[in-house]
Amino acid sequence: MLSALLVLPAFAQVDFTGEWAPLYHEDGPERLPGPELGDYTELPINAAARMAADTYDADRISVVPEYQCRPHGGDYSMRGLGNLRIWREIDPISEKLVAFHTHLLAWDSERTVWMDGRPHPPDWAPHTWQGFSTGVWDGNMLTITTTHLKINYMRRNGVPRSDKAIFTEHWTRHGDYLTVVTVIEDPVYLTEPLVRSDNWYLDPGQNIGVFGCEYAPEVPRPEGTVPNHLPGQNPYLKEFADWYGLPYEATRGGSETMYPEYQKKIAGEYHPPEKCSRYCKCTSLFDCNVTSK
Amino acid sequence: MMDKHRLSHGRGSVFALAMLMAGVAQCFAQPPQINPDTVQLTMAPVQGSVYVLMGDGGNITVQVGKDGVMLVDTGFAQLAPKAMAEIRKLSSGPIRWIVITHVHTDHSGGIAAMAKLGMTHESIGPPRIVAQSNVLNRMTGPQPNNGPKIPEEEWPNDEYFLPTKDFFFNGEAVVVYHVPDAHTDGDSIVFFRRSDVLSTGDVFTPGSYPIIDLSRGGSVDGEIAALNKIIDITVPARYQEGGTIVVPGHGRLCDEADVVEYRNMLTIIRDRFRDMIKKGMTLEQVKAVKPTLDFDTEYGSTTGFWTTDMFIEAVYKSLSGKK
C-alpha cells in the first residue's frame with residue numbers, strides 16, 4: 001500500500017518521454033519540400049509581413065552565410081523536417097519534475113520547457129532560436145508559453161515572424177500519438193493569432209542522427225550582399241495562384257481569407273485545374289515532391 | 001520586469017519630447033532634463049568580466065577585474081552618481097579606462113562626473129578617456145544650433161586616429177575599432193577579446209531604426225559597413241547562436257544573428273532607396289510609396305525623437321547627397 005502511494009504521479013500528469021516520429025498528413029508540401037513562393041494562405045498577416053514576403057529572395061538562405069546554419073524558430077521547429085526526442089529532468093531530492101527537454105533532428109535543436117515555476121527572463125536578456133519556455137498542466141494537457149525568440153520565419157517563403165512574438169503550445173498525448181497545437185501571437189506581423197497543429201507517433205526504435213552544419217560561401221559576392229526583390233518587381237508571386245486556379249487575392253493572406261465565409265466571396269473565381277499537377281501525393285519525405293502522383 | 005521604453009532612447013519621456021521639438025542635432029548637444037530619483041538602472045551580467053548598465057540614456061558597458069574598472073560610455077551626467085553606485089556593487093577599484101563610442105550626450109555626457117567619481121586611493125591619475133579623434137573635434141568645435149561649448153573636462157584625453165587602438169586590461173585584450181561615417185563620423189566599437197563581448201554604441205540599436213546623424217558625419221553606407229564589421233568580428237557558437245555577445249547602444253543583449261537581421265534590414269532599405277533615387281524620385285515621392293512599410297512595425301516609430309519619417313529623410317539625403 002505504501003509503495004503504491006509513493007509512485008502515484010503528483011498531478012496525474014502525462015509523461016511525454018520517448019522517441020517520436022513526425023506525421024506529415026497536415027500541410028505536407030509546406031513542411032517537407034517547402035512552401036510555394038507567394039503562398040500566404042491561412043496566415044493572418046498584416047501589410048508589413050506581406051511586403052516582407054513579396055520582396056524576399058530565396059537566394060538569401062545561401063548567399064547570406066549566417067543564414068546557412070540558421071535553425072527553425074521554436075514556433076516552427078515542431079513543423080519542420082525531423083524526428084523528436086523528449087525526456088524529463090527530475091529533481092533528485094524532491095523527485096519533482098523540473099523540465100521537459102526536447103531534441104529535434106533539424107539543426108540538432110534542443111529546447112527546455114521549465115516546469116518548476118521559474119519566471120521568464122527580463123526584457124534585456126538575449127533572445128534565442130528556441131526562446132524561453134515554461135509549462136503548466138491543464139489536466140492532462142501541457143500548456144507551454146515561449147518568449148524571447150529571435151527574428152525568424154512564419155513560413156519558409158519569406159513570411160517573417162518577429163522577436164516580439166510569443167507562442168503557446170498545447171501538448172496532448174493519446175496513447176502512442178502526440179498532438180501539438182501552436183498558437184502564435186505576433187504584434188509586429190499578425191492581426192490575430194495563428195493556430196497550427198502537428199502530430200507525432202511514438203517510435204521507440206528510432207535513432208536520431210547528427211545533423212551538423214558548417215556555413216560555406218561557394219559563390220564570391222560583395223560583402224554584405226542581401227538578396228531581395230525591389231517592391232513590385234518579384235516575378236514569382238502569381239505562380240501559386242496560377243498553378244492552383246486561385247484568385248490572386250486569395251493567396252495574399254490576411255485574416256479575412258482564412259475563414260469559410262471567404263469562399264463565398266471568391267465563388268466563381270476559383271478554377272481548380274482539371275487534373276492535379278503539383279504535389280498530388282505528399283505524406284512523407286519519400287513521396288512528396290512537385291511531380292508526385 | 002524592466003520598462004523597455006527606458007531602454008530605447010527614453011521614449012515617452014520629457015527628454016524625448018524635447019528632442020522631437022528641437023531636432024536630433026540640437027538635442028544631442030543639450031543636456032536633457034532627467035530626474036535621477038525616478039530613473040531605474042539595471043546592472044546585467046553579460047559574459048566573462050563584462051556587465052552592462054541599462055536605463056535612461058545609452059547602455060554603459062562595465063568591465064571589472066583586478067586592475068580596476070573600465071567603462072564603454074558614461075551615460076548622462078545627471079545619472080553618474082546613481083550609475084557609479086551600481087558599479088560599486090561590482091568593484092571598489094578605480095575607473096582606469098573609459099572608451100567613448102561617439103559624441104552624443106546620452107553616451108558621453110557623464111565623462112567628467114564618472115572620471116571624478118571613479119577615482120579611489122588606488123588611482124594614479126584620472127582615467128584614460130579614449131575616443132576616436134572626430135569625437136574630440138566635435139566636442140571642441142562649434143556646437144550644432146549654437147549650442148553651449150562643451151567644457152574641457154568633458155573631452156576625451158586619449159583620442160586615436162588610426163583604424164584601431166588596443167590595450168590590455170583586467171587580463172584581456174581590449175580592441176577599439178573606428179567605424180567611419182556610420183551613426184556619426186567618430187564611432188568606435190569595443191571588443192573584449194577574452195570575455196568575447198562586443199560593445200557597439202549606437203551603430204547598432206535593435207528595435208529601432210539606426211539614427212543617421214548627418215550633421216555629425218553619419219551616413220547610410222557607413223552604417224551598413226559598421227554593421228558588417230560587427231558581423232566580421234562576432235563569432236557565433238553552435239548553430240548561429242550565442243558565442244560573441246553584442247552590447248548595443250540601446251536595448252537588449254544580442255548576438256551575431258540579431259545584428260545580421262538588422263544589417264539585412266538596412267541593406268534592403270538602402271537598395272530600395274538607391275533604385276528610387278536613380279529613377280529621379282523626390283523625397284516626397286519616396287515617402288508616398290512607404291518604402292519601409294515591411295520594417296516599420298519592428299523598427300519604426302511615429303513618436304519620440306527619431307521617427308520613421310526622420311529615418312526616411314536621413315536615408316534619402318545620405319544616398320542622394322541632397323541637403
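Predicted model: local features only at pLDDT ≥ 70, side-chain atom pairs only at ≥ 80, totals over all residues.
Start with chain B as a whole. The chain holds 11 helices and 13 strands. Of its 323 residues, 56% count as buried. Its contacts reach across the sequence. Take the contacts between residues at least 6 apart in sequence: 66% of them join residues at least 24 apart.

Now turn to helix H7 of chain B, residues 220–233. Which residues of H7(B) are buried? They are Val220(B), Gly222(B), Glu223(B), Ile224(B), Ala226(B), Leu227(B), Lys229(B), Ile230(B) and Ile231(B).

Helix H8 of chain B runs from residue 256 to residue 278. How do H7(B) and H8(B) lie against each other, parallel or antiparallel? Their axes are 9 Å apart, and the packing angle is about 155°. An angle over 145 degrees counts as roughly antiparallel, so that is the arrangement of H7(B) and H8(B). Their crossing is left-handed. On the H7(B) side, the contact is made by Val220(B), Glu223(B), Ile224(B), Leu227(B), Asn228(B), Ile230(B) and Ile231(B). On the H8(B) side stand Glu256(B), Val259(B), Val260(B), Tyr262(B), Arg263(B), Leu266(B), Thr267(B) and Arg270(B). By type, the residues of this contact divide into nine nonpolar, two polar and four charged. The spacing of some of these residues recalls a general rule. An α-helix has 3.6 residues a turn, so residues three or four places apart point the same way.

H8(B) has another partner, H11(B). The axes of these two helices come within 10 Å and cross at roughly 60°. That angle makes H8(B) oblique to H11(B). The crossing is right-handed here. H8(B) contributes Ile269(B), Arg270(B), Phe273(B), Arg274(B) and Ile277(B) to the contact. H11(B) brings Val315(B), Tyr316(B), Leu319(B) and Ser320(B). These residues divide into six nonpolar, one polar and two charged.

Look next at H11(B) itself, residues 308–320. Its 13 residues should span 18 Å at 1.5 Å a residue, and its end C-alpha atoms are 18 Å apart, which agrees. Phe311(B), Ile312(B), Ala314(B), Val315(B), Tyr316(B) and Ser318(B) are its buried residues. They pack against H7, H8 and helix H9 (283–288) of chain B. Just after the helix comes Gly321(B), with a positive phi of about 80°.

The loop between H8 and H9 of chain B contains Met281(B). Is Met281(B) buried or partly exposed? It has 18 C-beta neighbours inside 10 Å, so it counts as partly exposed; a buried residue needs 20 or more. Leaving aside residues up to four places away in sequence, Met281(B) touches Met276(B) and Val286(B). Asp309(B) is 28 residues away from Met281(B) along the chain, and their C-alpha atoms are separated by 16 Å.

Chain B also touches chain A. The contact takes 30 residues from chain A and 34 residues from chain B. On the chain A side, the residues divide into 20 nonpolar, five polar and five charged.

Most residues other than glycine have a negative phi. Which way does Asp27(A) go, positive or negative? Its phi is positive, near 55°. Asp27(A) sits in the loop between strand S1 (18–23) and helix H2 (28–31) of chain A. With 16 other C-beta atoms within 10 Å, Asp27(A) is partly exposed. Glu42(A) is not a glycine either, and has a positive phi of about 70°. Its place is the loop between H2 and helix H3 (47–54) of chain A. Glu42(A) has 15 other C-beta atoms within 10 Å, so this residue is partly exposed.

How values were computed. Residues numbered from 1 in each chain as written. Chains lettered and ligands numbered in written order. Axes fitted to C-alpha atoms, helices over the stretch in contact; angles between N-to-C directions. Helix = DSSP H or I, 4+ residues; strand = E, 2+ residues; numbered from the N terminus. Parallel < 35°, antiparallel > 145°, perpendicular 65-115°, else oblique. Left-handed = near helix turned anticlockwise from the far one by under 90°. Contact = placed C-beta atoms within 7 Å. Nonpolar A, V, L, I, M, F, W, Y, C, P; charged D, E, K, R; others polar. Expected span 1.5 Å × (residues − 1). Buried ≥ 20, exposed ≤ 12 C-beta atoms within 10 Å, placed from the backbone.
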